[in-house]
Amino acid sequence: AAESAELKRATLARAAAAEAAELSARRKGGTTGSLTGVARLLGELELEKYAPAFKAAGYDDARLLEVAEALDDDRDEGTAAVDELIAAVGLRGGSAVKLRRRLLEPPKKGGVGRGGGKGGGGGGGG
């Protein structure tokens, strides 16, 4: 009976570890894996002026991570959390759109940066 209980315990532990690893992998590839904190996110989006509003609304790095995890775990629940964040912080117009887009559509791996560069994009008329 003791061996059976130990085997059951070990099996449950392996299953929990596998589930945790799967969740971790999903988060690394999703919104959670692309966020490193409120200050960095706001800097990336050129929305630094909203840092005091994030703090006043209670959105620190840990709370932002909770929103990201909600997005990675359940898209509808996560989207509601993003909308709640935007309302609580008081973002409007283009600022709200920028933040919402960044959280709902995290950057692709390897595609870090704002793009641009020195490459020409249009032809000079003449």
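User: How many residues does helix α6 have, and how far does it reach from its first C-alpha to its last?
Analyst: Helix α6 covers residues 75-89, which is 15 residues, and reaches 21 Å. That is close to the 21 Å expected at 1.5 Å a residue. The expected span is 1.5 Å times one less than the number of residues. Helices here are DSSP runs (H or I, at least four residues), numbered from the N terminus.
User: What sort of model is this?
Analyst: This is a predicted model: local features need pLDDT of at least 70, side-chain atom pairs count only at pLDDT 80 or more, and totals for chains, interfaces and linings use all residues. Residues are numbered from 1 along each chain as its sequence is written, and side-chain values use heavy atoms, leaving out hydrogens and water.
User: Which residues of α6 are buried?
Analyst: G78, T79, A81, V82, L85, I86 and V89. Buried means under 20% relative accessible area, and exposed over 50% (1.4 Å probe, protein chains only).
User: Why are they on the same side of α6?
Analyst: Because they cover an arc of only 160° around the axis. The arc uses the directions from the helix axis to the C-beta atoms.
User: Which exposed residues does the face turned away carry?
Analyst: D76 and A87.
User: What covers the buried residues?
Analyst: The cover includes α4 (51-56), α5 (61-73) and α7 (93-104).
User: Back to T79. What does it touch?
Analyst: T79 touches L71, R100 and L104, not counting residues up to four places away in sequence. Contact means heavy atoms within 4.5 Å. T79 has a relative accessible area of 19%.
User: And what comes just after α6?
Analyst: G90, with a positive phi of about 90°.

Terms used: Helices (H or I, at least four residues) and strands (E, at least two) are DSSP runs, numbered from the N terminus.
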